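Colleague: I'd like to learn how to read a model like this one, feature by feature. Could you walk me through it?

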Amino acid sequence: MSDGFVEPDFLMPILAKSADRSEHNIPETLARHTWLVVKKVAELAKNRPDLTVVANTADLWHLLYWGCFLHDFGKATGGFQQQLQGVSWNGHRHEVISLAFLDWIAANFPKHEQAWLAAAIASHHRDRGVIQEKYLIDSVLADAWSTFDRANVPLMWRWLSEYANQWIRVLGLESFGVRPLQFPNSEQAIQQVQTDACSRIRYWLRQYYRLKQVFDDQPEHAPVPLLILLRGLTTTADHMASAHLTSIPSPLQESWQALAKRILRGDQQVYSHQHHSAQAHGASCLLIAPTGSGKTEAALYWALGEGQQLIPRIFYALPFQASMNAMFDRLRQPDKGFGEQAVGLQHGRALQVLYLRLLESENGLDSRTAAERERWERNINSLHARPLKVFSPYQMLKALFQIKGFEAILSDYAQARFIFDEIHAYEPQRLALIICLINYLSKHFAATFFVMSATFPKIIREKLSTALGQPQIIQASEDLFRAFARHRLQLLDGELTSSSSIEQIIHDFKAGKQVLVCANTVRRAQTILALLNEAGIEKVDLLLIHSRFTIKDRSALEQIIMQRCQLGLAQPEPFILIATQVIEVSLNIDLDTLYSDPAPLEALLQRFGRVNRSRSKGIVPVHVFCEPRDGQGVYGRNKDPNHQGRIIQVTLDELEKHNGTVIDESLIDQWLDNIYADSIIAEQWQAEYQKTYNNAQSIADNLRPFESDKTTEDEFDQLFDNVDVIPQALVATYLDLLNKHDYVESSRYFVGISKQKYAQFKQNGLILALEDAALKHPRWIINLPYSSESGLSFEQAPLNDDWS
């Protein structure tokens with residue numbers, strides 16, 4: 001084969017995969033699959049050689065190679081070979097049978113490493129508890145082994161003894177500490193497996209199970225990071241090989257100066273905070289700099305450093321899907337980013353986003369071809385291959401909650417550079433989870449973090465500093481903060497939906513301005529759209545975006561917004577953009593003025609940041625209404641009605657001190673500290689944060705390999721307040737796509753609503769189940785109005801506002 005593989009002819013009848021699960025629909029032999037797995041181990045070692053530091057042993061790659069070479073030996077049993085033909089094998093596990101052959105190499109390893117090898121082999125598909133429960137009694141093991149043809153045992157010996165050491169040299173693994181082994185006497189080795197397999201499997205399973213006793217009795221001495229890496233990298237290599245990933249994309253290696261040269265125009269200079277960020281490469285940092293002052297560039301300079309080493313993993317975390325999609329597009333640009341092969345996207349709906357990008361490619365792919373390519377994009381992302389990934393921090397929390405496969409996730413995060421943008425966007429409970437995981441990854445997996453924001457209130461800065469062990473604080477210069485003055489704060493009486501407010505918005509529009517209108521709830525945003533329509537504003541001059549559009553329509557809206565109000569347009573046409581919180585973070589747009597519902601200061605500052613972003617318009621007004629002051633069910637929720645919306649009231653009190661003045665961004669943190677100094681807000685914030693952090697820390701302290709946790713997995717599911725529904729008006733289109741087996745395209749017709757609203761609508765008969773033979777799970781239809789201009793409307797439903 002062109003990749004260096006030479007097929008052991010004598011082993012060709014023994015298969016690892018059936019034709020329908022193999023490349024080119026040709027059954028894959030056991031030797032071929034094993035070669036692909038150890039080849040991936042070699043690629044991982046070349047991309048990430050320093051993982052031995054996290055593992056605290058130079059033998060990491062040595063253990064991985066030999067564990068992976070043996071991991072599928074059990075597939076040679078007749079039961080598994082029949083299973084490939086569709087014949088049941090009583091649910092037996094091939095990885096357990098593989099342990100029968102571990103004695104052939106065990107004498108080359110110290111006893112504790114023998115147990116680690118047994119764990120790597122036995123755990124590469126199922127958790128310890130699943131294996132232990134199934135193989136409690138010897139008769140079950142005997143049944144599993146009973147179909148192994150004794151005549152195949154010498155073939156397995158010949159494969160191991162003639163090829164295993166040779167593959168090390170072919171793959172160049174000697175330089176990573178992988179060593180050839182000495183093998184026992186062939187006759188004795190073969191006879192032992194033929195006559196004593198069940199007792200030897202039982203012995204190795206006991207060694208595997210006893211590791212849990214070590215975790216429980218001597219947790220301070222348990223090699224938790226090593227065993228997490230051992231399982232995580234074994235399953236990663238196995239999955240990459242099964243997906244026939246040709247090669248792992250190369251790590252990034254470029255100096256920050258080279259990237260700056262590509263990004264900056266001729267008249268632009270590197271800001272001092274960007275230069276300091278680049279110099280802090282290798283250390284965790286907090287960056288405070290004005291919106292629009294190149295924080296993204298500073299973070300990338302920090303991640304790359306002087307370009308003297310490979311950077312195998314960079315993660316760019318953002319809180320909202322719209323901002324993730326925009327950053328994904330930006331970083332894939334070859335002139336200002338790193339190209340398509342280097343950048344991946346991970347969030348709940350990344351599948352649909354990647355599909356859309358493929359449809360928009362210059363290749364003119366039809367939807368079926370795009371769907372095929374999307375599947376491979378998704379495979380590459382999920383297999384932890386892309387060196388730079390834009391993702392939601394909630395993807396990270398799967399590791400903390402021990403979701404199945406968490407060892408592979410943590411292996412991916414080891415020694416990674418994490419960039420967190422706008423950390424303030426998370427409420428105290430979720431922020432506590434994120435900071436707890438940041439602390440865990442920093443302490444146990446040598447990860448470093450660059451957390452940046454235009455604002456860092458003391459209450460958050462202290463939590464991060466504790467978690468990161470006193471990170472470097474980088475702050476833009478006072479001169480830069482002054483140079484970024486661009487907004488004049490104007491507080492307005494009344495509220496956004498009043499007739500006088502609508503008249504003022506229209507006045508600015510007719511004066512030739514691009515106007516941003518930010519409402520706190522979807523219903524209010526839809527109401528404002530209707531009021532502007534009724535006042536005579538043409539639909540072509542209005543654009544509404546919120547979270548209750550289908551994935552298809554929202555993606556289209558994001559593209560239109562970027563086209564109509566991107567930075568640097570020579571003659572932007574006036575229009576009115578109406579939005580909810582989805583507009584707040586990292587959309588690189590530049591409007592002329594703002595009218596906003598009252599919101600917490602952090603949210604308002606993000607809204608301000610979408611106005612006069614380029615600073616080419618002088619000083620422009622940003623308008624904030626003083627009503628309603630109750631938080632609208634979105635901000636400052638509290639069972640005590642006297643405390644409801646307290647954050648809004650205190651924010652407005654602080655803003656009143658600065659009404660009519662040009663906003664000095666260097667003083668914003670002081671404004672925030674004043675707000676969080678309010679006794680009610682501080683007490684509520686600290687209580688919510690600390691309770692969640694303590695619970696998360698307890699989970700982290702007991703995080704162990706080989707065992708996912710169903711209890712915490714359920715807790716993880718509770719983090720996501722979302723149910724996908726299909727508007728009644730789109731059901732026919734959805735079903736037509738399903739009938740054409742175009743499942744990816746059909747999924748772009750979902751709308752997300754909160755679990756609470758879903759339950760209320762279902763109780764009122766507005767939710768119907770859509771059963772279809774092609775669907776693994778039922779889909780839900782919602783019988784409420786939907787349009788591509790205003791999204792899903794709750795107007796006909798007598799329910800409370802929903803801001804999701």
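Modeller: Let's start with one tryptophan: W780 is partly exposed, with a relative accessible area of 24%. The cut-offs are these: buried is under 20% relative accessible area, exposed is over 50%, and partly exposed is in between, using a 1.4 Å probe and protein chains only. Keep in mind that this is a predicted model, where local features need pLDDT of at least 70 and side-chain atom pairs count only at pLDDT 80 or more, while totals for chains, interfaces and linings use all residues. Residues are numbered from 1 along each chain as its sequence is written, and side-chain values use heavy atoms, with hydrogens and water left out.

Colleague: Which aromatic residue does W780 pair with, and how do I read the geometry?

Modeller: In general, a pair of aromatic rings is described by the distance of the centres and the angle of the planes. The rule takes rings of Phe, Tyr and Trp (its six-membered ring) with centres within 6.5 Å; planes under 30 degrees apart are stacked, over 60 edge-to-face, and the rest tilted. That gives 44 aromatic pairs here. Take W66 and F69: their planes are at 45 degrees and their centres 6.2 Å apart, so this pair is tilted. Both W66 and F69 are buried. The partner of W780 is Y758, in an edge-to-face pair with 5.8 Å centre to centre and 65 degrees between the planes.

Colleague: Which charged residues lie over rings?

Modeller: The test is NZ of Lys or CZ of Arg within 6 Å of the ring centre and within 35 degrees of the ring normal. R615 has its charged end over the ring of F484, 3.7 Å from the centre. R262 lies over the face of F338, at 5.9 Å from the ring centre.

Colleague: How should I read the two faces of a strand?

Modeller: In a regular strand the side chains alternate between the two faces of the sheet. Look at strand β7 (residues 417-421): 5 of its 5 residues are buried, so the strand is largely enclosed by the rest of the structure. R417, I419 and D421 point one way, with F418 and F420 pointing the other way. Strand β6 (residues 388-391) also has both faces covered, with L388 and V390 on one side and K389 and F391 on the other, all buried.

Colleague: What handedness does the unit of β7, helix α21 and β8 have?

Modeller: A crossover is right-handed if, with the strands pointing away from the viewer, the path from the first strand over the helix to the second runs clockwise. β7, α21 (residues 428-444) and β8 make a right-handed β-α-β unit.

Colleague: How many residues are in the largest nonpolar core?

Modeller: A nonpolar core is a set of buried Ala, Val, Leu, Ile, Met, Phe, Trp, Tyr and Cys residues joined through side-chain atoms within 4.5 Å. The largest has 270 residues, and W61, M156, W159, V390, F418 and L441 touch the most other members. Helix α11 (residues 186-217) gives the largest share, 11 residues. A second, separate core of 8 residues includes I551, Y734, F750 and I781.

Methods
Helix = DSSP H or I, 4+ residues; strand = E, 2+ residues; numbered from the N terminus.
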